[in-house]
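The structure comes first, and the description follows.

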Amino acid sequence: EQPLLEVDDLHVRYSTTDEDVYAVNGVSFSIDTGINYGLAGESGSGKSTAAEAVLGLLPENGAIDRGEIRFKGENLLELSEAERRDVLWEEIAYIPQSAMDSLDPVMTTGDQIRQAIEKHRNISEANARERVRELFDMVGLDPDRTEEYPHEFSGGMRQRVTIAMALALEPDLIIADEPTTGLDAIVQDKILDTMLDIQTQIDSSLLLITHEIGVIAETCAELSLLYGGKVMEQGSVDNVLINPTNPYTMGLKNSFPEIEGADNPVSIPGSPPNLSRAPSACAFTDRCPFSTEDCEQSHPDLTKLPNRTHRSACHHVEQAAQMRRDATKPET
Ligand code: ATP
Ligand code: MG
């Protein structure tokens, strides 16, 4: 069966007055229908840029240099802007990063959702109002509160409003960028549960973007881990997060120890790569304990590993296990 969304060798560059920023450098991944797919990576790794490229929502100074983006087999980059917008509104819903802070403060939350519906559906005002109440109910908000303004809601509730808005047209794919970041852990869990619930009800796929791999471990079946705009490791969540073969994945895992019960988080030392040149070497070399000359000379391809079902881009896949801090012993 044909994947729902395929991103193939995507390259995105931003131009600024001083320099170019090579934000996405050859990212490929593919999401099957009905799958929850995670896109993870440290801040600045290119997650939002990749999503905005898919959605045709890059800022003015961003450009797709190369690559293909296919939705149900159709290359989105060959469509006109208007055609692309139609596909997006009808079939892909987007919850942008910080969505809950970008609701219109002077319009009631219910009206914001109603407008989105009326713009794209031939529906009477009364029916649209009823639909908004339904959506409120679906995302766990009191349907009697549709007349309230964003400031009357808590952060978690505002995020529920943005989710309701995304669901209004029953999309085939929901792209949610850090939908729970900044909310406290209990609210996070509840909102993720709600999203998963609804997504099952309306039978959509999810692309979940977050720097918290713990969130992906709980919600997704497959993932790609980005660093410096490249995919470092990719495959099923079970394989990748339980037996990482990339020191970067291992480092991220150690910074979210709740995944396997090590006691205290240790973040990866060092800072993200300089993106003013397209990387020719492994972007992680400076921070990697196993770095050798090979790593400085060529970026390893994302390669399927022998005896594994997932792919890793690392010259030292066998060594990553040495970074384990949890009790589980590496497979040999
Ligand atoms: P975060 O977790 O912080 O949201 P991210 O993985 O979503 O990070 P992006 O926002 O995609 O990362 O940014 C990737 C790189 O591109 C970063 O180095 C960022 O500074 C740069 N960047 C993003 N937007 C622009 C822009 N409009 N102009 C120039 N550089 C940009
Ligand atoms: Mg982002």
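Which residue in strand 5 is the bridge partner of Arg70? The partner is Asn75.

This is a predicted model, in which local features need pLDDT of at least 70, side-chain atom pairs count only at pLDDT 80 or more, and totals for chains, interfaces and linings use all residues. Residues are numbered from 1 along each chain as its sequence is written, chains are lettered from A and ligands numbered from 1 in the order in which they are written, and side-chain values use heavy atoms, with hydrogens and water left out.

**Antiparallel sheet**

Helices (H or I, at least four residues) and strands (E, at least two) are DSSP runs numbered from the N terminus, and two strands pair if DSSP finds at least two bridges between them. Four strands make an open antiparallel sheet in the order 2-1-4-5. Strand 2 (20–31) and strand 5 (74–75) are at the edges with a single partner strand each, so one side of each has no neighbour in the sheet. Strand 4 (residues 62–71) is joined to strand 5 by 2 bridges. Helix 1 (residues 47–55) lies across strand 1 (5–15), strand 2 and strand 4, at about 110° to strand 1; such angles run from 0 to 180 degrees between N-to-C directions, with axes fitted to C-alpha atoms, for helices over the stretch in contact.

Another open sheet has 8 strands in the order 6-7-8-3-9-10-12-11, with mixed pairing. Its edges are strand 6 (92–95) and strand 11 (303–304), each with a single partner strand, so one side of each is left without a neighbour in the sheet. Helix 9 (residues 247–255) packs on this sheet, touching strand 3 (36–41), strand 9 (222–227) and strand 10, and makes about 100° with strand 9; contact means heavy atoms within 4.5 Å.

| Strand pair | Sense | Bridges |
|---|---|---|
| Strand 6 and strand 7 | parallel | 4 bridges |
| Strand 7 and strand 8 | parallel | 5 bridges |
| Strand 10 and strand 12 | antiparallel | 2 bridges |

Tyr94 stands opposite Ile175 in strand 7, and Asp177 has Ile209 of strand 8 as its bridge partner. In strand 12, Ser312 is the bridge partner of Glu233. Strand 7 (residues 173–177) has 5 of its 5 residues buried, where buried means under 20% relative accessible area, exposed over 50% and partly exposed in between (1.4 Å probe, protein chains only). Leu173, Ile175 and Asp177 point one way from strand 7, and Ile174 and Ala176 the other way.

**Ser204**

Ser204 sits in the loop between helix 6 (185–202) and strand 8 (205–210). Its relative accessibility is 2%, so Ser204 counts as buried. Leaving out residues up to four places away in sequence, Ser204 touches Gly34, Pro171, Asp172, Leu173, Ile174 and Gln199.

**Pocket and cavities**

On a 1 Å grid over the protein atoms alone, a cavity is a set of points where a 1.4 Å probe fits but cannot get out, a pocket is an open set with protein on both sides within 12 Å along at least five of seven lines, and lining residues have an atom within 4 Å of a point. The largest pocket holds about 730 Å³ of space, a volume being the space filled by probe spheres set on the points, which are joined across faces, edges and corners. Its lining has 29 residues, and Leu57, Trp89, Tyr94, Pro96 and Met165 lie nearest the centre. The whole structure has 3 cavities of 30 Å³ or more, and the largest cavity contains about 70 Å³. Among the 13 residues lining the largest cavity, Pro247, Cys282, Cys288, Cys295 and Cys314 are the closest to its centre.
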